[in-house]
Amino acid sequence: MSEAIGIRLDKVFLKKIEKLGKEEVMDRSSTIRKLVYIGYNDFMKRKAAEDYMKGKITMSEAANNAEITIWEMEKFLVESGYKSDYSIEDIDRELNLMNK
């Protein structure tokens with residue numbers, strides 16, 4: 001179920017939306033709706049990644065908040081330039097503990 005809302009957009013931005021709608025063969029409302037969904041999903045992914053990088057949430061929580069898989073979140077973090085503090089030494093130490 002959807003609900004109609006009213007928003008104000010400046011004329012320059014509205015012209016861009018109308019141009020995009022013509023290119024995508026969509027009416028203005030459908031174009032705006034699609035952009036809102038894309039923007040929301042991108043915002044949530046970035047927010048979840050930021051919270052993860054600040055140590056506020058786990059990788060699993062970040063993926064859940066962004067409504068994507070853990071693998072997709074890891075890929076997004078790498079593509080965004082995130083560098084983990086988890087070192088080769090940490091991996092070796094954990095492997096040694098598992099082998100004991």
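View 1. Thr31 stands 12 residues away from Lys19 along the chain, and the C-alpha atoms of the two are separated by 9.9 Å. Residues are numbered from 1 along each chain as its sequence is written, and side-chain values use heavy atoms, with hydrogens and water left out. Because the model is predicted, local features need pLDDT of at least 70 and side-chain atom pairs count only at pLDDT 80 or more, while totals for chains, interfaces and linings use all residues.

**View 2. The whole chain is built from helices.** The secondary structure comes to 5 helices and 0 strands, which gives the pattern α-α-α-α-α when the chain is read along its sequence. The radius of gyration, taken over C-alpha atoms, is 20 Å, well over the 13 Å that the globule rule (2.2 Å times the number of residues to the power 0.38) gives for 100 residues, so the chain is more spread out than a compact globule. Along its principal axes the C-alpha trace spans about 65 × 25 × 25 Å, and of the 100 residues of the chain 16% count as buried. The chain carries 18 positive side chains (Lys and Arg) and 19 negative ones (Asp and Glu), with His and the chain ends not counted. The centres of these two sets lie 9 Å apart, when the place of a charge is taken as NZ of Lys, CZ of Arg, CG of Asp or CD of Glu.

**View 3. The largest nonpolar core brings together 10 residues.** Such a core is a set of buried Ala, Val, Leu, Ile, Met, Phe, Trp, Tyr and Cys residues joined through side-chain atoms within 4.5 Å. Its members are Ala48, Ala49, Ile57, Met59, Ala62, Ala63, Ala66, Met73, Phe76 and Leu77. The elements that give two or more residues to this core are α2 (28-53), α3 (59-66) and α4 (70-79), and α3 gives the most, with 4 residues. In soluble globular proteins, nonpolar side chains tend to be buried together. Within this group, Ala48 is in contact (heavy atoms within 4.5 Å) with Ile57, Ala62, Asn65, Ala66 and Met73, when its neighbours within four places in sequence are left aside.

**View 4. Asp51 and Asp42 both belong to helix α2.** Asp51 is buried, with a relative accessible area of 13%, and it touches Lys56 and Ile57, not counting residues up to four places away in sequence. Asp42, by contrast, counts as partly exposed, because its relative accessibility is 31%. Asp42 and Ala66 are 24 residues apart in sequence, and their C-alpha atoms are 8.4 Å apart in space.

**View 5. Val25 and Glu67 have positive phi values although neither is a glycine.** Most residues other than glycine have a negative phi, and most peptide bonds are trans. Val25, in the loop between α1 and α2, has a phi of about 55° and counts as exposed at 73% relative accessibility. Glu67, in the loop between α3 and α4, has a phi near 60°, and with a relative accessibility of 65% Glu67 likewise counts as exposed.

**View 6. Val78 is an exposed residue of helix α4.** The relative accessibility of Val78 is 62%, and this residue therefore counts as exposed. Ile5 is 73 residues away from Val78 along the chain, and the C-alpha atoms of the pair are separated by 37 Å.

Note on methods
Buried means under 20% relative accessible area, exposed over 50%, partly exposed in between (1.4 Å probe, protein chains only).
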